[in-house]
Number of protein chains: 2
Amino acid sequence: MFKKVLIVEDQQSISKGLKSILKDLNIDNIEASDNCDNALLKIRASLIKKKPFDLLITDLSFREGYHLSNLSCGEELIEQVKKVQPNLKIIVFSIENRIGKVKKLLDKYDIDGYIAKGRRESEDIKKAIQTVCQERKYYSNTILTLLKGSNNISQVSTSDTLILKLLASGIKQKQIPEHFKDNNIPSGSKRSIEYRLQELKTIFGAETLPQLISIVKDIGLI
Amino acid sequence: MFKKVLIVEDQQSISKGLKSILKDLNIDNIEASDNCDNALLKIRASLIKKKPFDLLITDLSFREGYHLSNLSCGEELIEQVKKVQPNLKIIVFSIENRIGKVKKLLDKYDIDGYIAKGRRESEDIKKAIQTVCQERKYYSNTILTLLKGSNNISQVSTSDTLILKLLASGIKQKQIPEHFKDNNIPSGSKRSIEYRLQELKTIFGAETLPQLISIVKDIGLI
DNA sequence: ACTGTCTTTGCGTTTTACCGCAAGTTGATT
DNA sequence: AATCAACTTGCGGTAAAACGCAAAGACAGT
């Protein structure tokens with residue numbers, strides 16, 4: 001089982017709840033931060049003292065409250081953590097359920113567990129900790145459903161996302177081919193862009209381009 | 001000065017801070033809720049007991065935490081409050097700074113004060129309470145700047161917003177005229193829709209329709 | 001009542017987006 | 001090596017959107 005765990009959560013009641021769950025699992029060396037900056041400092045300090053954390057449980061969104069912070073969200077914290085201590089296991093505990101955001105955390109940062117906040121999630125947390133401890137991934141049912149139900153987002157490539165971002169940033173569809181060429185991105189012919197956009201509309205059930213942009217913004221893809 | 005105040009805020013530390021500010025202003029009859037459902041119940045109960053609140057200070061966004069709620073945000077609370085006790089003064093205290101959302105609260109619900117959460121906002125709160133007590137409106141500097149700096153949103157009419165919503169929902173531009181006609185909305189000719197969209201692009205600095213949709217979603221207009 | 005500005009509307013043109021077809025390419029499977 | 005499905009690309013046609021122009025209407029200020 002994990003020996004030293006860091007909880008990053010700004011809501012006291014939830015932070016306390018997590019602590020008691022960890023204690024139930026006989027984990028005693030627990031630290032907690034209510035913001036990402038402080039969390040990163042703790043992780044760095046523990047590394048220097050040669051007593052590193054072996055598990056990080058973090059929320060994604062934090063209320064700014066009365067102070068400005070450097071790292072404003074869990075995603076930024078995770079990005080930094082992956083740089084300073086890549087082997088640290090990470091479990092995300094968040095209400096974030098926009099498939100685009102969830103997928104990014106799984107794909108880009110390869111996080112070890114994801115639990116959607118909801119009712120009766122303490123069992124989920126225990127299972128997640130135990131599963132991750134065994135070098136396996138754990139995602140709560142809500143998240144699995146989300147990933148399964150909308151397999152659409154899995155069909156979206158990096159260059160698809162680029163097309164959408166470019167369009168949302170104001171460039172015309174017919175200008176995309178030259179942008180692709182300039183950046184040595186393959187499959188950038190005018191007709192291919194059209195084809196991909198048609199596919200994306202089908203994938204997301206959009207009738208028009210403006211609606212497609214609206215949808216991919218809603219789900220956090222761009 | 002106000003006699004009976006309700007604070008609706010889910011972050012304990014902030015709720016406590018607000019209480020102490022109110023006490024500084026010699027307001028002793030203070031109640032607090034950490035969620036909107038409970039707040040509405042309290043307002044209703046106070047009305048029945050003929051001891052109504054005379055000021056409501058509320059946040060806008062609430063973390064769902066461990067339970068599902070009926071009213072999920074401050075906006076919904078305000079909407080209900082306006083129905084049950086229209087004369088209740090309302091001050092919003094939130095980090096929400098998307099002009100579209102702020103503007104809606106001012107225009108649609110005619111709230112009495114808006115304070116953007118930030119650093120050193122306790123002075124703002126005192127001023128807001130005193131100003132609102134004198135039957136005047138109070139908006140913090142951040143909000144005034146926001147309203148001033150982006151006067152663009154003031155130029156957007158209800159039917160403009162409707163056009164944008166329709167486009168974001170997937171209907172084609174050329175179908176909008178009949179939709180306007182069916183709903184007896186004036187200025188709905190094809191050419192007028194085109195004209196309004198051109199204006200909207202200018203107002204928001206968008207080059208293309210997809211970008212326009214992206215922008216108005218970002219600022220919370222739709 | 002007059003003036004000027006902004007909006008609405010129609011018409012026609014240009015530009016852009018959309019899409020069918022067909023040929024070629026790629027990559028995985030058998 | 002053969003096959004198949006999915007992707008890429010070009011060509012060309014159609015549909016939609018964007019826009020200039022001009023006339024008519026609305027509205028505020030003088």
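**Figure 1. Contacts that span the sequence of chain A.** Take the contacts in chain A between residues at least 6 apart in sequence: 64% of them join residues at least 24 apart. The model shown is predicted. Chain A holds 10 helices and six strands. Its C-alpha atoms fill a box of roughly 60 × 35 × 35 Å along the principal axes. Of the 222 residues in this chain, 33% count as buried.

**Figure 2. Confidence along chain A.** The average pLDDT of chain A is 90. A score of at least 70 is reached by 94% of the residues. Where is confidence lowest, and where is it highest? Helix 6 of chain A, residues 141–149, has the lowest mean, 78. Helix 7 of chain A, residues 158–168, has the highest, 97.

**Figure 3. Helix 1 of chain A and the residue that follows.** Helix 1 of chain A covers residues 12–24, 13 residues in total. Its end C-alpha atoms lie 19 Å apart. This agrees with expectation, because 13 residues at 1.5 Å a residue should span 18 Å. Just after helix 1 of chain A comes N26(A), with a positive phi of about 60 degrees.

Figure 4. Helix 9 of chain B gives the most, with five residues. By class, the surface near DNA strand C has three nonpolar, seven polar and seven charged residues.

**Figure 5. The protein surface near DNA strand D.** DNA strand D is surrounded by 16 residues. The closest are S187(A), S189(A), R191(A), S192(A) and Q173(B). Two or more residues of this surface come from helix 9 of chain A, and likewise from helix 9 of chain B. Which element gives the largest share? Helix 9 of chain A does, with five residues. Sorted by class, the surface near DNA strand D has three nonpolar, six polar and seven charged residues.

Figure 6. Helix 9 of chain B gives five residues to the surface near DNA strand C.

Conventions:
Residues numbered from 1 in each chain as written. Chains lettered and ligands numbered in written order. Predicted model: local features only at pLDDT ≥ 70, side-chain atom pairs only at ≥ 80, totals over all residues. pLDDT = per-residue confidence, 0-100. Helix = DSSP H or I, 4+ residues; strand = E, 2+ residues; numbered from the N terminus. Nonpolar A, V, L, I, M, F, W, Y, C, P; charged D, E, K, R; others polar. Expected span 1.5 Å × (residues − 1). Near = placed C-beta within 6 Å. Buried ≥ 20, exposed ≤ 12 C-beta atoms within 10 Å, placed from the backbone. Contact = placed C-beta atoms within 7 Å.
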